[in-house]
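Student: I would like to learn how to read local features off a model. Could we take them one at a time?

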Amino acid sequence: SDTKVMTCAAVWRMPKELESGSHESPDDSSSNTQTLELLCHLDNTAYGNMACVMWEPMGDGKKIISLADNNILLWDLQESSATAVLSSSAALEGKGQLKFTSGRWSPHHNCTQIATANDTTVRGWDTRSMRQIYCIENAHGQLVRDLDFNPNKQYYLASCGDDCKVKFWDTRNVTEPVKTLEEHSHWVWNVRYNHSHDQLILTGSSDSRVILSNMVSISSEPFGHMVDDDELSDQEDQHQEEKIKEPLQDSVIATYEEHEDSVYAVEWSSADPWLFASLSYDGRLVINRVPRALKYHILL
């Protein structure tokens, strides 16, 4: 309005015809354009600009967390989802104008934890008490852009930022990152764990590249596929045991350079674990697959 820009949030419902399980092709020439139904606004007038909104990862879709300036707001959607009631909130305390840049709701611990980023700091919060449970100050040398939780290891969290780095943390001991990736040459906007195979990490950056990494040493299967004892002879057995003691090596699997501008979003497909998409500033959407050789190496 006038000279002021406000960012807000709302909850919408998809038309019944577009819900999953419907086989109607959305681009069918006979179908009319569907309109989304506005259910409710998340009233942020008292809290400032919305930075991000997150659904509870598990559960019945009745809980949402939003980050507005320096506030964390937990909303409860009523039965009809037509109203959003603010059930609890917390504010960042400190000097200066503190503002959240992004956040992620952990799928672990019965969905009672979220991680947030503000400036160079990553914080963990308990949604039941809205209290801080850990704080990683100077997690990155510059602004933290994005966070993601390992879907299979409950204490593992990835972060990325304007220092061109991707860092992996164990939230039980946040003094040092467990691993650091330094493959990008500009700000890293996104980091995403694969939902099924947590060694596969996707990152997108303003260097116009998408990088797929194999962070197997800190994954839920750091020693690869365990071979059944019955399959091995004695000599093989000994050799295999020695091999099993060493974690597999981390590596960059592939660098994708189809974008000509900053990559602002990367995301894994929720239906196919080997498919991912990236989106750049120039409006280019690229869909890629995990290389077949690696796919079979992981599966077999």
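Student: Where is Asn138 placed?

Tutor: This is a predicted model. In it, Asn138 sits in the loop between strand 10 (131–136) and strand 11 (144–149). Its phi is positive, about 50 degrees, although Asn138 is not a glycine.

Student: Is Asn138 buried or exposed?

Tutor: The cut-off for exposed is over 50% relative accessible area. Asn138 has 57%, so it is exposed.

Student: Now sheets. How do strands of a sheet pair?

Tutor: Strands pair through backbone hydrogen bonds, in a parallel or antiparallel manner. Here, four strands make an open sheet with the order 7-8-9-10, and the pairing is antiparallel.

Student: Which strands stand at the edges of this sheet?

Tutor: Strand 7 (102–105) and strand 10 do. Each has a single partner strand, so one side of each has no neighbour in the sheet. On average, neighbouring strands of this sheet are turned by 20 degrees against each other, direction ignored.

Student: How many bridges join strand 7 and strand 8?

Tutor: Four bridges, in the antiparallel sense. As a specific case, Arg104 has Ala115 in strand 8 as its bridge partner.

Student: Next, charges. What can side chains of opposite charge do?

Tutor: They can pair when their charged atoms come close. A search of the whole structure gives 11 salt bridges.

Student: Which residue forms a salt bridge with Arg104?

Tutor: Asp148 does, with 2.9 Å between the closest N and O atoms. Arg104 is in strand 7 and Asp148 in strand 11, so the pair ties together parts that are 44 residues apart in sequence. Arg104 is partly exposed at 24% relative accessibility, whereas Asp148 is buried at 8% relative accessible area.

Student: What is the closest N and O distance in the salt bridge of Glu260 with Arg284?

Tutor: It is 3.5 Å. This pair links distant parts of the chain, 24 residues apart: Glu260 is in the loop between strand 18 (251–256) and strand 19 (263–268), and Arg284 is in the loop between strand 20 (275–280) and strand 21 (285–289). Glu260 counts as exposed at 63% relative accessibility, while Arg284 is partly exposed at 33% relative accessible area.

Student: With which residue does Arg289 form a salt bridge?

Tutor: With Asp272, where the closest N and O atoms are 3.2 Å apart. Arg289 belongs to strand 21 and Asp272 to the loop between strand 19 and strand 20, 17 residues apart. Arg289 is partly exposed, having a relative accessible area of 48%.

Student: Last, the surface. Which residues make a nonpolar surface patch?

Tutor: Trp12, Met14, Leu18, Leu36 and Leu38 make one of about 500 Å². Of these, Met14 is found in the loop between strand 1 (9–13) and strand 2 (37–42).

Note on methods:
Residues are numbered from 1 along each chain as its sequence is written. This is a predicted model: local features need pLDDT of at least 70, side-chain atom pairs count only at pLDDT 80 or more; totals for chains, interfaces and linings use all residues. Side-chain values use heavy atoms; hydrogens and water are left out. Helices (H or I, at least four residues) and strands (E, at least two) are DSSP runs, numbered from the N terminus. Buried means under 20% relative accessible area, exposed over 50%, partly exposed in between (1.4 Å probe, protein chains only). Patches are made of residues with over 30% relative accessible area and no salt bridge: like charges are joined within 9 Å, nonpolar side chains (Val, Leu, Ile, Met, Phe, Trp, Tyr) within 5 Å. Accessible areas come from the Shrake-Rupley method with a 1.4 Å probe; for residues, only the protein chains shown count as cover. A salt bridge is a side-chain nitrogen of Lys or Arg within 4 Å of a carboxyl oxygen of Asp or Glu. Two strands pair if DSSP finds at least two bridges between them. Axes are lines fitted to C-alpha atoms, for helices over the stretch in contact, and angles run from 0 to 180 degrees between N-to-C directions.
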